[in-house]
Amino acid sequence: MNQSDWQRRADAIVKKILTSLPAELAQRAAACRIVLSWHAPEVSNTDLLGLFEGPALHDSPAAGVAGLPVITLCLRNIAEYCDHDNDAFDEEVEITLLHELGHYFGWEEDDLEERGLD
């Protein structure tokens, strides 16, 4: 598959996940922008699968976290991590998205691990 194929596949998965969230979480998630990027952000290490940036839901304006909440899914890294296997890619996009949404919801690494999102 080429880059566009992976992006279309990931977009469909993201839409499916967002529509399957419980109503309260879906409403909260709607305020977070989700970016499907072929390349990892330059501020990160090169093998990063996903990244949450910006204020989490529980952050107060006084916390000093600027900007809007953004989740970036690094599709090339996910495809390579999954050895370009379609089923593994689908599963990893879902896990990575839910993991990063967890950070947005204010869950710590232990909380994510308990939910199988580590």
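**Rings, sheet and core in a predicted model**

Going by ring centres that lie within 6.5 Å, for the rings of Phe, Tyr and Trp (its six-membered ring), the count comes to three aromatic pairs. One of them is W6 with F89: the ring centres sit 4.5 Å apart and the planes meet at 50 degrees, so this pair is tilted. The label follows from the angle, because planes under 30 degrees apart count as stacked, over 60 as edge-to-face and the rest as tilted. W6 belongs to helix α1 and F89 to helix α4 (residues 86-105), so to speak two distant parts of the chain, 83 residues apart, that the pair links. W6 is buried, with a relative accessible area of 2%, and F89 is buried too, at 0%. Here buried means under 20% relative accessible area, exposed means over 50%, and partly exposed is in between (1.4 Å probe, protein chains only).

A further pair is F52 with Y104, where the centres are 5.8 Å apart and the planes are at 50 degrees, so this one is tilted as well. F52 lies in strand β2 and Y104 in helix α4, so the pair ties together parts that are 52 residues apart in sequence. Both residues are buried. Ring pairs also bring in F105, linking F52, Y104 and F105 into a cluster.

A word on the ground rules. This is a predicted model, in which local features need pLDDT of at least 70 and side-chain atom pairs count only at pLDDT 80 or more, while totals for chains, interfaces and linings use all residues. Residues are numbered from 1 along each chain as its sequence is written, and side-chain values use heavy atoms, with hydrogens and water left out.

Now for the overall layout. The protein has five helices and three strands, and from the N terminus on they run α-α-β-β-β-α-α-α. These elements are DSSP runs numbered from the N terminus, with helices being H or I of at least four residues and strands being E of at least two. Of the 118 residues, 35% are buried. The accessible surface comes to about 7,000 Å², and carbon and sulfur atoms own 48% of that; such areas come from the Shrake-Rupley method with a 1.4 Å probe, and for residues only the protein chains shown count as cover. Among contacts with a separation of 6 or more, 62% are between residues 24 or more positions apart, where contact means heavy atoms within 4.5 Å.

The three strands make an open sheet in the order β1-β3-β2, with mixed pairing. β1 (33-37) and β2 (50-53) stand at the edges with a single partner strand each, so one side of each has no neighbour in the sheet. From one strand to the next, the twist averages 15 degrees. Strands pair if DSSP finds at least two bridges between them. β1 and β3 run parallel and are joined by five bridges, with R33 having V70 as its bridge partner in β3. β2 and β3 (residues 70-74) pair in the antiparallel sense over four bridges; there, G50 has L73 as its bridge partner, and L51 stands opposite T72.

So what about β3 itself? Five of its five residues are buried, so β3 is largely enclosed by the rest of the structure. V70, T72 and C74 point one way from the strand, and I71 and L73 the other way. T72 has a relative accessible area of 8% and, not counting residues up to four places away in sequence, touches V35, S37, P41, L49, G50 and L51. Helix α1 (residues 3-20) lies across β1 and β3, running at about 155 degrees to β1. That angle is taken between N-to-C directions on a scale from 0 to 180 degrees, using axes fitted to C-alpha atoms, for helices over the stretch in contact.

Finally, the core. The largest nonpolar core has 24 residues, and F89, V93 and L101 have the most contacts inside it. Such a core is a set of buried Ala, Val, Leu, Ile, Met, Phe, Trp, Tyr and Cys residues joined through side-chain atoms within 4.5 Å. α1, β3, α3 (75-81) and α4 each supply at least two residues, and the largest share, six residues, comes from α4. Leaving aside neighbours within four places in sequence, V93 is in contact with A10, I13, V14, L73 and I78. By contrast, A30, found in the loop between α2 (23-29) and β1, is exposed, with a relative accessible area of 66%.
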